[in-house]
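Welcome, and please get your viewer ready for a short walk. We will go from one selection to the next and look at what surrounds each stop.

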Amino acid sequence: MAAGRESRLVGAAVTHGRGHEAVLSRAGLAGFQSLDSEKLRAPLTAVQQEQIQQLSCKRLERMPVQYVLGEWDFQNLTLKMRPPVFIPRPETEDLISLVVEEESRKCEVKNSAFSVAVPPPVILEIGCGSGAIALSLLCKIPQSRVLAVDKEEAAVDLTRENVHRLQLQGRIHVLHHNVSYGSAKHLLPWGPMDFIVSNPPYVFHEDMASLDAEILRYEDLDALDGGDDGMRVIKTILTLAPTLLKDSGSVFLEVDPRHPAMVEDWLTAQPDLFLTLRAVHKDFCGKPRFLHIQKQSR
């Protein structure tokens, strides 16, 4: 991504919707820091001025800056972006860190108990969008393999483009599939899984109308709307998890701050799933945002 384009658009982007302020300020800082003083003093050419005018017009129409630029950084990866595919939020970077930390912990335990090498993990991402989570995990966990699934063809196409852009096609399979309660037979050929990771639709349906104009006009609302209780897709994932996971395998979810207690109650009412809520982690705003759920060994 051209750092100059990014930094010059930060001023136009500061009114972008809730949930994006941190990533915009961070991207703007990185953009300015990447420019040397000579470039900062250089006058813009007529072509550059026209390009800025076109980009600014899109932003004034409330198009998210990620779509305006056509690419964005996530976990130090520059990924292509285009509407209506869901834009990865900055807090989701913490979800990656939690999975990496758990994999490191498991490797330490296994290596201390066994002299044989630990096989690399198999990871399922449900709702891959742009591929931000799947590709970050591939880069952070060497030799891991990922099955990335999305029900939207636009998301599958964009993930595949980002896979090829980063030359990671040898370790990932991207599947166009609408995950449902009957999905196990479609997903098990790539499993069993060590991890299921998802940033699913979790916005309560009644809250959808209050989302910012940038979101409502441009992003895929199905990637946000979690139904009446925000748990429509969460329940599907957890119902599938016991069949898809290895013993002691883990599910990592990003959720609404109201969901941890709701999910714990739901799991308690579903003892046949043999799933336990191991931990609730807060995001950088101090809100309970991430769940670590583990399959019990039988």
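## Stop one: I172

Start by selecting I172, which you will find in strand β5, spanning residues 172-176. Keep in mind as you look around that this is a predicted model. Is I172 buried or exposed? Its relative accessibility is 11%, and because buried means under 20%, I172 counts as buried.

Now show the neighbours. Leaving aside residues up to four places away in sequence, I172 touches A134, L135, L138, V146, A148 and V163.

## Stop two: the nonpolar cores

I172 is among the residues with the most contacts inside the largest nonpolar core, along with L135, L137 and V197. That core has 38 residues. Which element gives the largest share of this core? Colour helix α7 (residues 132-140), which supplies six residues. Apart from this core lies another, of 32 residues; select V122, M193, V263 and L267, which are among them. As background, nonpolar side chains in soluble globular proteins tend to be buried together.

## Stop three: rings

Next, select F195 and F252, the aromatic pair, and the structure holds one such pair. Their ring centres are 6.2 Å apart and the planes meet at 45°, so the pair is tilted. The pair links distant parts of the chain: F195 belongs to strand β6 (residues 193-198) and F252 to strand β7 (residues 245-254), 57 residues apart. Both F195 and F252 are buried.

K106 lies over the face of F195, 4.6 Å from the ring centre. For another charge over a ring, go to F204 and R258: the charged end of R258 sits over the ring of F204, 3.7 Å from its centre.

## Stop four: T236

Finish at T236, in helix α11 (residues 232-244). What is the relative accessible area of T236? The value is 9%, and T236 is buried. Display the side chain and the backbone of R232 together: the side chain of T236 reaches the backbone oxygen of R232 at 3.2 Å. Then bring up V179, S180 and Y181, which T236 touches when residues up to four places away in sequence are not counted.

Key
Residues numbered from 1 in each chain as written. Predicted model: local features only at pLDDT ≥ 70, side-chain atom pairs only at ≥ 80, totals over all residues. Heavy atoms only, no water. Helix = DSSP H or I, 4+ residues; strand = E, 2+ residues; numbered from the N terminus. Buried < 20%, exposed > 50% of the residue type's maximum accessible area, 1.4 Å probe, protein only. Contact = heavy atoms within 4.5 Å. Polar contact = N/O pair within 3.5 Å; in protein donor to acceptor, adjacent residues only side chain to side chain. Phe/Tyr/Trp six-rings, centres within 6.5 Å; stacked < 30°, edge-to-face > 60°. Lys NZ or Arg CZ within 6 Å of the ring centre and 35° of its normal. Core = buried A, V, L, I, M, F, W, Y, C linked by side-chain atoms within 4.5 Å.
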